[in-house]
Amino acid sequence: MSGLTLRDHLWLWGMKVNTLQELKAYPFWDEPSTLTAQQAIERTGIRNVLIAGGLPLTRETMTGLPAAKRIIAKWAMHSAVDGKTPVDYDRALSALLQAKELAAEDPRIESFLLDDFSTGTVAGGVTPKHLADLQFENAARPPQLPLMATFYEMSLEDDRQLPLLPYFAGFLNPLWHAANIDRQKGYAERLGRLTGGKPLLTCIYVYDFGNQRKLSYAGMRRQLDVCEEMIRERRVYGVVILGTCMLDLDWESNRALYDWLDERGDSTVGPNR
């Protein structure tokens with residue numbers, strides 16, 4: 001079996017065209033994007049996609065991603081109501097069942113992620129019973145999809161998380177504050193200890209959402225270099241790049257990403273020994 005490349009370990013945070021710009025909640029809202037998730041795959045050569053950012057869990061979305069090789073479906077287990085985030089179990093179950101129905105036809109869908117779990121969902125009062133019920137429905141109806149959860153670095157010391165972690169098969173650990181990139185290995189190590197070493201994706205952004213500012217070329221390059229080290233050291237099985245509705249903007253971070261992909265993307269990552 002031939003070795004995997006760095007690019008094989010990368011994932012795109014797939015988004016509807018211009019979806020963040022339409023929210024007008026960020027300083028770059030007046031910089032429109034025309035890039036579809038499929039075009040982002042073609043431009044980057046990254047064929048693993050997380051369905052997010054306004055892309056619905058539908059056959060049309062799957063059909064619109066012919067170049068995708070691996071797909072993670074995403075939803076949340078909470079809703080936004082009057083500034084709060086109450087648990088919305090029925091909505092999450094409906095999305096999971098929809099993803100399972102699609103996965104029965106499209107084997108590229110390999111897992112189901114509950115996004116913003118360690119922040120919004122935990123704040124909303126999720127309990128082990130919610131997760132046990134969701135896992136029961138998942139197991140009772142084929143195909144069973146491994147459940148994943150988004151777990152932020154700011155949640156690592158939150159004891160409310162501990163009884164919830166066993167219900168997940170893997171985790172996504174985004175770096176919300178880009179300046180903390182040199183702590184990311186520590187975050188991954190801490191999460192690994194809490195979860196018994198379950199598979200972990202990390203996620204970096206081409207925009208510093210934690211500080212509401214654009215990233216420098218050097219700042220983005222540092223994120224990518226650390227992520228390469230984490231892949232090669234087997235701390236994470238992949239790195240998600242967020243997100244496709246920004247990847248065609250004239251930003252230093254995007255130039256750094258494309259330069260890094262040209263230089264490093266096709267380098268081989270050795271197999272487990």
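**Entry 1: the largest pocket**

I looked up the largest pocket and found about 750 Å³ of space in it. The search ran on a 1 Å grid over the protein atoms alone, where a pocket is an open set of points that a 1.4 Å probe fits, with protein on both sides within 12 Å along at least five of seven lines. The volume is the space filled by probe spheres set on the points, which are joined across faces, edges and corners.

The model is predicted: local features need pLDDT of at least 70 and side-chain atom pairs pLDDT 80 or more, while totals for chains, interfaces and linings use all residues. Numbering runs from 1 along each chain as its sequence is written, and side-chain values use heavy atoms, without hydrogens and water.

I listed 29 lining residues (an atom within 4 Å of a point). Trp13, Gly53, Lys74, Asp115 and Asp116 lie nearest the pocket centre. By class, I recorded 19 nonpolar, six polar and four charged residues in the lining. Nonpolar covers Ala, Val, Leu, Ile, Met, Phe, Trp, Tyr, Cys and Pro, charged covers Asp, Glu, Lys and Arg, and the others, Gly among them, are polar. H1 gives the largest share of this lining, three residues.

**Entry 2: H8 and H9**

I next examined helices H8 (residues 217-232) and H9 (residues 252-264), which pack at an angle of about 40° with axes 8 Å apart. Helices are DSSP runs of H or I, at least four residues, numbered from the N terminus. Axes are lines fitted to C-alpha atoms over the stretch in contact, and angles run from 0 to 180 degrees between N-to-C directions.

How values were computed:
Helix = DSSP H or I, 4+ residues; strand = E, 2+ residues; numbered from the N terminus.
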